[in-house]
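The sequence and the structure come first.

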Amino acid sequence: MPGTRKLGRATDHRRSMLRGLVTYLLENSRIETTVTRAKEVRAMTEKMITIAKDDSLAAKRQVFAYVTKESVVKKLFDEIAPVYKGTNGGYTRIIKTGARRGDAAEMCVIELVSKDDGKAAAKKPKKAKTKKAD
């Protein structure tokens, strides 16, 4: 359930931080942050993409209430959501990168999964078997 981690911040600060991270992720498709923040950002980003797949006025108003930039909302509805039209969830990926040097916090990269990522791995060309002539 999204929103159960407190992240060591007051409620208003935490909500504001998550809104900013979700907006930045949708804008740039990739961010580096701590693992616990990334898990919260993933939940909210996937909710925003699921809402945007509807493409109605009510959906746009719901996303505008959370995402902080108008240009990002336009990008979400015009470019990002149509890519995931036939997909139910799994729009983001978290890749752990190791510990941060200053305080040893576990860092990771969270990114939007592109449609061709899974297909490219599945469609690797197979080597043709050749029969030797006797």
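## The first helix and its end

Just after α1, Ser29 takes a positive phi of about 70°. The model in which this is seen is a predicted one. The helix itself, α1, has 18 residues and spans 26 Å from its first C-alpha to its last, which is close to the 26 Å expected at 1.5 Å a residue.

The buried residues of α1 are Arg14, Met17, Leu18, Leu21, Val22, Thr23, Leu25 and Leu26, and they pack against the helices α2 and α4 (70–83) as well as the strands β1 (30–34), β2 (92–99) and β3 (106–112). In an α-helix there are 3.6 residues a turn, so residues three or four places apart point the same way.

## The largest pocket

The largest pocket has a volume of about 190 Å³, and its lining is made up of Pro2, Gly3, Arg5, Thr11, Arg14, Arg15, Leu18, Glu40, Met44 and Tyr66. The elements that give two or more residues to this lining are α1 (11–28) and α2 (35–52), and α1 gives the most, with four residues.

Sorted by class, the lining holds four nonpolar, two polar and four charged residues. Arg14 and Leu18 belong to this lining and are also listed among the buried residues of α1.

## Confidence

The chain averages a pLDDT of 88, and 86% of the residues score at least 70. Confidence is highest in β3, at 97, and lowest in helix α5 (residues 115–122), at a mean of 56. Over residues 120–125 the pLDDT is below 50, and beyond near neighbours in sequence this stretch has zero contacts in the model. Where pLDDT is low, the predicted coordinates should not be read in detail.

Definitions and conventions: Residues are numbered from 1 along each chain as its sequence is written. This is a predicted model: local features need pLDDT of at least 70, side-chain atom pairs count only at pLDDT 80 or more; totals for chains, interfaces and linings use all residues. Side-chain values use heavy atoms; hydrogens and water are left out. On a 1 Å grid over the protein atoms alone, a cavity is a set of points where a 1.4 Å probe fits but cannot get out, and a pocket is an open set with protein on both sides within 12 Å along at least five of seven lines; lining residues have an atom within 4 Å of a point. Grid points are joined across faces, edges and corners, and a volume is the space filled by probe spheres set on the points. Ala, Val, Leu, Ile, Met, Phe, Trp, Tyr, Cys and Pro count as nonpolar, Asp, Glu, Lys and Arg as charged, and the others, Gly among them, as polar. The expected span of a helix is 1.5 Å times one less than its number of residues. Buried means under 20% relative accessible area, exposed over 50%, partly exposed in between (1.4 Å probe, protein chains only). Contact means heavy atoms within 4.5 Å. pLDDT is the predictor's confidence in each residue, from 0 to 100.
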